[in-house]
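Colleague: I am new to protein models and would like to learn how to read one. Could you take me through it step by step?

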Amino acid sequence: MKITPTSNLVFRYISLPHGLGGRGGVQRFFMLANEIPFSEDLYGAKWPEAKKAMVESGENPCGSAPVIYCKDDDSVHLSQAIAGSKYIGAVFGATTGDAYGDYVQDLVCDEYQGFRDLWVAMAFASGDDAEDKKKAYREESLPKQLTKFDALYGKFKTHDVYLSVSKKTNMPLWGDAALFGLIRDNVITGFMKMDDLDKYPNLASMYKSYAKIGPVAAWIEKVAA
């Protein structure tokens with residue numbers, strides 16, 4: 001179940017509304033930034049059935065998306081966005097080529113998981129106290145998360161803007177993709193405005209630079225149309 005630099009990759013994920021990236025956004029933005037060729041095949045309304053089938057068949061015991069498939073090899077089912085991105089990056093040369101450079105990407109990804117879980121819980125909150133919870137997230141939890149990640153970038157980044165960059169492409173990697181996607185999702189879901197990011201200079205520099213990467217900018221423009 002391996003891929004090669006000539007593999008025809010297929011990115012399968014849930015079709016989210018309003019251009020949301022979600023968990024799959026990490027992998028999509030990583031591959032776009034590093035110009036790793038892939039096609040998309042989104043689940044749409046059939047996701048619940050697909051999730052059940054992949055678990056029952058043993059194809060993906062996690063029952064989660066995104067999943068990377070390969071047109072050339074039916075045995076390839078790469079689940080988990082971060083681990084999958086790291087593996088794809090290693091195959092296609094999109095790593096720093098340096099243990100510390102890859103470490104700072106992993107460090108931020110480890111911490112990102114908790115931030116992402118908070119956002120998911122608030123974005124899809126329901127019940128009588130949902131608005132109170134969202135208000136607390138917007139005014140308290142979110143600024144704390146942004147402050148923390150801004151400090152992590154200030155301490156650990158090895159590049160002027162990004163945590164580290166690919167030795168081959170000079171483009172940002174999986175940790176930067178994770179933060180870029182999650183900040184963007186917070187903006188789309190109304191928990192923050194782009195102007196709010198100016199309070200966090202390291203994150204603001206990363207986000208604005210990432211958003212200008214050609215393939216990333218083109219994808220965002222396409223889903224916004």
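## Reading the model, feature by feature

Modeller: Let us start with a single residue. Not counting residues up to four places away in sequence, alanine 125 touches Ala130 and Lys134. Please keep in mind that this model is predicted.

Colleague: Where is alanine 125 found? And is alanine 125 buried or exposed?

Modeller: Alanine 125 is found in the loop between helix H4 (99-123) and H5. For burial, we look at the relative accessible area, and under 20% counts as buried. Alanine 125 has 19%, so it is buried.

Colleague: Now the whole chain, please. How many helices and strands does the chain have?

Modeller: There are 8 helices and 4 strands in the chain. Their order along the sequence is β-α-β-α-β-β-α-α-α-α-α-α. The radius of gyration is 17 Å, close to the 17 Å that the globule rule gives for 225 residues, so the chain is as compact as a globular protein of that length. The C-alpha trace spans about 50 × 45 × 30 Å along its principal axes.

Colleague: What percentage of the 225 residues in the chain is buried?

Modeller: Buried residues make up 48% of the 225.

Colleague: Which residues of H4 meet which residues of H5?

Modeller: On the H4 side, they include Tyr100, Val104, Leu107, Phe115 and Trp119, while those of H5 include Tyr137, Leu142, Leu146, Phe149 and Tyr153. By class, the residues of this contact between H4 and H5 divide into 18 nonpolar, 1 polar and 4 charged.

Colleague: Why might residues a few places apart on a helix point the same way?

Modeller: An α-helix has 3.6 residues a turn, so residues three or four places apart point the same way. Keep that idea in mind for the next pair.

Colleague: At what angle do H5 and H6 pack?

Modeller: Helix H5 (residues 130-156) and helix H6 (residues 174-188) pack at about 155°, with 13 Å between their axes. That makes H5 roughly antiparallel to H6. In the contact, Tyr137, Leu142, Leu146, Phe149 and Tyr153 come from H5, and Gly175, Asp176, Leu179, Ile183 and Asn186 come from H6. This contact of H5 with H6 has 7 nonpolar, 2 polar and 1 charged residues. As for handedness, the crossing of H5 and H6 is left-handed.

Colleague: How are H5 and H7 placed relative to each other?

Modeller: The angle between H5 and H7 is about 80°, with their axes 7 Å apart. H5 and H7 are therefore roughly perpendicular to each other. Here Leu146, Phe149, Asp150, Tyr153 and Gly154 in H5 meet Pro201, Asn202, Leu203 and Met206 in H7. The residues of that contact divide into 6 nonpolar, 2 polar and 1 charged.

Colleague: Which residues of helix H7 are buried, and what covers them?

Modeller: In helix H7 (residues 201-211), the buried residues are Asn202, Leu203, Ala204, Met206, Tyr207 and Tyr210. Their cover includes helix H1 (22-33), H5, H6 and helix H8 (214-224).

Colleague: What should I look for in the backbone itself?

Modeller: Look at the peptide bonds and at the phi angles. The bond from alanine 65 to proline 66 is cis, with omega near 15°. Proline 66 lies in the loop between helix H2 (47-57) and strand E3 (67-70).

Colleague: And where does phi come in?

Modeller: Glutamine 80 has a phi near 75°, a positive value in a residue other than glycine. Glutamine 80 sits in the loop between strand E4 (73-79) and helix H3 (81-92), and is partly exposed, with a relative accessible area of 32%. Asparagine 170, also not a glycine, has a positive phi of about 60°. Asparagine 170 is found in the loop between H5 and H6, and is partly exposed with a relative accessible area of 49%.

Note on methods:
Residues are numbered from 1 along each chain as its sequence is written. This is a predicted model: local features need pLDDT of at least 70, side-chain atom pairs count only at pLDDT 80 or more; totals for chains, interfaces and linings use all residues. Side-chain values use heavy atoms; hydrogens and water are left out. Axes are lines fitted to C-alpha atoms, for helices over the stretch in contact, and angles run from 0 to 180 degrees between N-to-C directions. Helices (H or I, at least four residues) and strands (E, at least two) are DSSP runs, numbered from the N terminus. Angles under 35 degrees count as roughly parallel, over 145 as roughly antiparallel, 65 to 115 as roughly perpendicular and the rest as oblique. A crossing is left-handed if the near helix is turned anticlockwise from the far one by less than a right angle, and right-handed if clockwise. Contact means heavy atoms within 4.5 Å. Ala, Val, Leu, Ile, Met, Phe, Trp, Tyr, Cys and Pro count as nonpolar, Asp, Glu, Lys and Arg as charged, and the others, Gly among them, as polar. The radius of gyration is taken over C-alpha atoms; the globule rule is 2.2 Å times the number of residues to the power 0.38. Buried means under 20% relative accessible area, exposed over 50%, partly exposed in between (1.4 Å probe, protein chains only).
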